[in-house]
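Visitor: Could you walk me through this structure, one step at a time?
Guide: Gladly! Have a look at it first.

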Amino acid sequence: MQPRNMSMSGVVDLAAVKAAQEAKAKAEQARAEAARQGGTGAVSPADLVVDVDEAGFESDVLQRSAEVPVVIDFWAEWCQPCKQLSPVLERLAVEYSGRFVLAKIDVDANQMLMQQFGIQGIPAVFAVVAGQALPLFQGAAGEQQIRETLDQLVEVAEQRFGLTGLNVDADAAPGGDAPAEQPAGPYDAALNAAAQALDAGDLAGAVQAYKNVLADDPAHPEAKLGLAQAELLQRVQGLDPQQVRKDAAERPTDVPAQITAADLDLVGGHVEDAFGRLVETVGRTAGDDRDAARRRLLELFEVVGAEDPRVAAARRALARALF
């Protein structure tokens with residue numbers, strides 16, 4: 001899904017002069033202390049991705065952000081887009097080699113943190129720099145867009161806060177002994193091609209790659225999810241969000257307008273809004289219009305995933321609207 005707020009705009013407010021000076025001083029002190037003790041202060045790649053809860057938030061995020069930018073991944077086990085995004089963030093945390101640390105927060109177990117950050121939907125990604133929070137994006141995103149945002153983040157952290165990152169011990173194994181390499185699956189090449197096409201913005205290529213997998217294995221779960229997401233991105237590509245929402249508000253009985261607005265709702269991470277809009281449309285229409293709204297709702301269920309409790313709730317609401 002296309003992210004929202006994939007930009008470092010507004011960071012000037014975050015980078016107040018006083019906070020920047022304090023962060024620089026703390027970073028310099030930490031480096032000087034490590035040198036004084038005769039150590040490098042190096043961390044293992046495994047230390048670049050940490051699970052954080054409310055009890056450890058002060059030390060693992062706020063205090064740590066005086067040394068290195070901390071990127072927070074708000075996720076949940078039932079969230080299918082989270083399962084697509086989190087592995088990418090984890091891999092990039094290691095690849096960026098200490099330029100930022102990734103803190104993973106399970107929103108189901110840490111409701112207070114979710115409320116404090118004002119999160120309306122997940123996945124949601126924030127950064128904390130020198131103790132100050134910066135929203136990065138909400139909803140899933142392509143790897144290239146994530147890289148661009150992270151590049152901006154580490155540049156701001158270094159230039160304005162003097163945070164040059166952590167020293168990573170490249171010889172340390174990221175997770176103990178390396179696991180045995182798994183043999184490639186029968187569709188790995190096609191799935192990789194689809195992922196690369198998504199990263200490159202080639203939505204048509206990604207759709208075709210997923211369809212190639214499903215032609216041989218119609219029930220392949222990863223391909224079904226990927227196709228649903230890629231087709232959603234295709235539908236919203238080039239739309240004017242303000243005009244779409246204006247049309248939907250002014251024409252509540254216009255089924256295509258409501259369907260398009262629901263697509264945008266989902267892309268923006270407003271899952272319940274998207275589902276609710278289409279359930280209401282099903283309830284007040286009949287014939288082909290009702291069927292069109294119902295089919296689009298089922299497609300959006302595929303994007304979110306059957307395990308998501310919001311899908312189960314929307315299925316019950318749809319059944320009531322239909323019968």
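**Strands and salt bridges**

Guide: Helices (H or I, at least four residues) and strands (E, at least two) are DSSP runs, numbered from the N terminus. This is a predicted model, where local features need pLDDT of at least 70, side-chain atom pairs count only at pLDDT 80 or more, and totals for chains, interfaces and linings use all residues. Residues are numbered from 1 along each chain as its sequence is written, and side-chain values use heavy atoms, leaving out hydrogens and water.

Visitor: In which sense do strand 2 and strand 4 pair?
Guide: Two strands pair if DSSP finds at least two bridges between them. Strand 2 (residues 70–75) and strand 4 (residues 124–129) have five bridges, and their sense is antiparallel.

Visitor: What is the order of the strands in the open sheet?
Guide: The sheet has five strands with mixed pairing. Strand 1 (49–51) and strand 5 (132–138) each have a single partner strand, so they stand at the edges. The order is therefore 1-3-2-4-5.

Visitor: How many of the six residues of strand 3 are buried?
Guide: Buried means under 20% relative accessible area, exposed means over 50%, and partly exposed lies in between (1.4 Å probe, protein chains only). Strand 3 (residues 101–106) is mostly covered, and its count of buried residues is five.

Visitor: Which residues are linked with Glu143 in a network of salt bridges?
Guide: A salt bridge is a side-chain nitrogen of Lys or Arg within 4 Å of a carboxyl oxygen of Asp or Glu. Glu143 makes one with Arg147 at 2.9 Å, N to O; both are in helix 6, four residues apart, about one turn of the helix. Both are also buried. The network links Glu143 with Arg91, Glu95 and Arg147.

Visitor: Is Asp263 buried or exposed?
Guide: Asp263 forms a salt bridge with Arg235, with the closest N and O atoms 2.8 Å apart. The pair links distant parts of the chain, from Arg235 in helix 9 (residues 221–236) to Asp263 in helix 11 (residues 255–267), 28 residues apart. Arg235 counts as partly exposed because its relative accessibility is 25%. Asp263 has a relative accessible area of 3%, so it is buried.
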